[in-house]
Amino acid sequence: MTTNLMAKEPALTTVVDRQVTQAKMDKRASAAMRIKPKQQYTVADRLEAQALLHADKPFIIYQGKAITYQQINEQANRYAQVLHSLGLRAGDTCAMALENRPEFFIVWFALAKIGAVTAFLNTHVSGVPLAHAINSTEAKGVIVGDECINNFIETPELDVSRFWRLSDVETDISDNLSSQFSKDLEQRLSALTSAEFDASSRADIVAEDPMLLIFTSGTTGLPKAAVYSHLRWLCSGDVMEVTIDATSDDVFYCCLPLYHGAAATSVTSTALACGGAIVVRRKFSVSKFWQEIAENQVTVCQYIGEICRYLLNRNIEAPAHRLRAMMGAGLSAESWQRWIEAYGEMDIYEGWGSTESNTNLINLDNHIGSCGRIPDWQKTNFRLVQFDVEANDYIRDDNGFCILCQPGEVGEGLGMIINHPDIGAGRFEGYTNKRETEGKIIRNVFTQGDAYWRSGDLLRYDADGYFYFVDRIGDTFRWKSENVSTQEVATILTDYQDAEFINVYGVLVPEHEGRAGMASIVMQPNKQFNSKQFYQLATEKLPHYAAPLFVRVSEQADMTTTFKLRKVDLQKQGYSPELCDDPLYVKDDSAGDYVQYNEHVLARLGLPKFLATEA
């Protein structure tokens, strides 16, 4: 079992009566049942209905310009005509590489009108990862924005005969660089005289059919393409609409990349469900965040914890604003409390789940630090089971079945797979690769023949049913016969003054069992690493086995484009000065400090040199 470093919860949290929380959960469950799997209702149908109901209301606000529901729908019709004329049909997959701009929504909705499946491509990848993404989706066409053309130029193994260029006024690109990409898309668009599209092309598409392919973050290995049906996407919006009491007066703020699940699903589906507007920012900006929140009268914002920490660590002040709700994941208790103190009271809907998950948790009670609650275990398909991180296996009873965790125990989150023709909730839609799909399923968990989705996440819950994220299974390491959560160590160390990011991971130490803790620290601009202060914090707040043995002070964080910290490459570099260009420090208890790395220090502390082959 994993040691709980944060057993004491924040003092300012409130415990809501279980029945009150369950009533909110029941409301969400009811909303999730509005659409049936076999119903002939798609994302395109919802857009068209909202375009009639909210024709002149802003839907997308980009760089100060509002585009109405009717205008988005008409543009999607035009694109659908052209894409259909280029050979795309219902059931086909078309990939797209576009940054956050109105055309992202228009092309996506156009493909939905045809009945095609859209594969969102990471706008930052090239070479093998890009080729893998396109090939794994079997895309029959790829729409490439000017802003992403360089990625494709740098991937010569791609066949660009079915790649269509989409211009971008913000990107300066030479004609000879883009000449190999077809301009058929724009040429045909300019020749169109009608903004109508025959919906009969999607007549055979039902809600349970695939609509999106969203790639996982790829913190380890090549990303996998997760399948997202019309049903699941629409239900996401229906559920969040009742969760946050969204109305057509709400204005949502989207600063996360749309090719990733958080922005493409939660924000967009909820705004479309309620008829609200979305303020779209090309890329997240620390300096512009609160200015744009205030100027656009934003009421709801999607977040991830790293963005909130960015804003808090830079001491960005907020003008008067109307922000009433935040929905996202990764906000620690400490940052949560600081956020409320700095920016005022608002509802924080911290959740847990993943792009491909068939279950989720959500905090409906503003219980600081928690990622969700289960008031009644009979009304959820989520289960938490005991897991031995050292053996990398489940702890089982005498009959070979998994054992449920009790309050305070750390275990892996699972989601019971529900396959019922009339129920969409609880389905595991998996990936485009069947082998990868099967790899996320564990069978015979509590009874013979049952099946559960594996999250790979460690969580725990308290006596009141509130859950807390602990770590990824692969990230938790064992040192001095104790299991240590990298997530919890990093959260505790966020109190270190002037740090921008702290990424904690385990590194192999030759001739020692397990892995020792190492922290990669990025300091705020013009701030210097104070080794004594860091030592004092680490030793005061953490058990001796959990305090990082090594520290590297990096110029920038190694993270994905969706702000998820990578660890694998850092682990491979370990504490080797030959593999790591950053300043290295070693924890020296006799000096009461983290001292600069050298071989004499290692020898004095009884630590061998790092061997790259060990990683």
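Which residues touch the most other members of the largest nonpolar core? They are Trp108, Phe252, Ile278 and Trp339, in a core of 103 residues. The model is predicted.

## Nonpolar cores

Helix α4, residues 102-114, supplies the largest share of this core: ten residues. Nonpolar side chains tend to be buried together in soluble globular proteins.

Trp108 has contacts from several parts of the sequence. Leaving aside residues up to four places away, Trp108 touches Met96, Thr118, Phe120, Met211, Leu212, Trp233, Ala264 and Thr268. A second core is separate and holds 45 residues. Tyr505, Ile521, Leu570 and Tyr585 are among them.

## Salt bridges: Lys283 and Glu99

The whole structure contains 35 salt bridges. One of them pairs Lys283 with Glu99, with 3.7 Å between the closest N and O atoms. Lys283 sits in the loop between β10 (277-280) and α11 (289-295), and Glu99 in the loop between β3 (93-97) and α4, so the bridge ties together parts 184 residues apart in sequence.

Lys283 is partly exposed, at 46% relative accessible area. Glu99 has 12% relative accessibility, so Glu99 counts as buried, the cut-off being under 20%.

## Salt bridges: Asp250 and Arg324

Asp250 and Arg324 also form a salt bridge, at 3.0 Å from N to O. Both residues lie in loops: Asp250 between α9 (230-243) and β9 (251-254), Arg324 between α12 (305-313) and β12 (325-329). The pair therefore ties together parts 74 residues apart in sequence.

Asp250 is buried, with 5% relative accessibility. Arg324 is partly exposed, at 27%.

The closest N and O atoms of Glu488 and Arg460 are 3.7 Å apart.

Some salt bridges share partners. Through them, Glu99, Arg101, Glu103, Glu147, Asp168, Glu170, Arg282 and Lys283 join into one network. Glu99 and Lys283, the pair with the 3.7 Å bridge, are both members.

Notes: Residues are numbered from 1 along each chain as its sequence is written. This is a predicted model: local features need pLDDT of at least 70, side-chain atom pairs count only at pLDDT 80 or more; totals for chains, interfaces and linings use all residues. Side-chain values use heavy atoms; hydrogens and water are left out. A nonpolar core is a set of buried Ala, Val, Leu, Ile, Met, Phe, Trp, Tyr and Cys residues joined through side-chain atoms within 4.5 Å. Buried means under 20% relative accessible area, exposed over 50%, partly exposed in between (1.4 Å probe, protein chains only). Helices (H or I, at least four residues) and strands (E, at least two) are DSSP runs, numbered from the N terminus. Contact means heavy atoms within 4.5 Å. A salt bridge is a side-chain nitrogen of Lys or Arg within 4 Å of a carboxyl oxygen of Asp or Glu.
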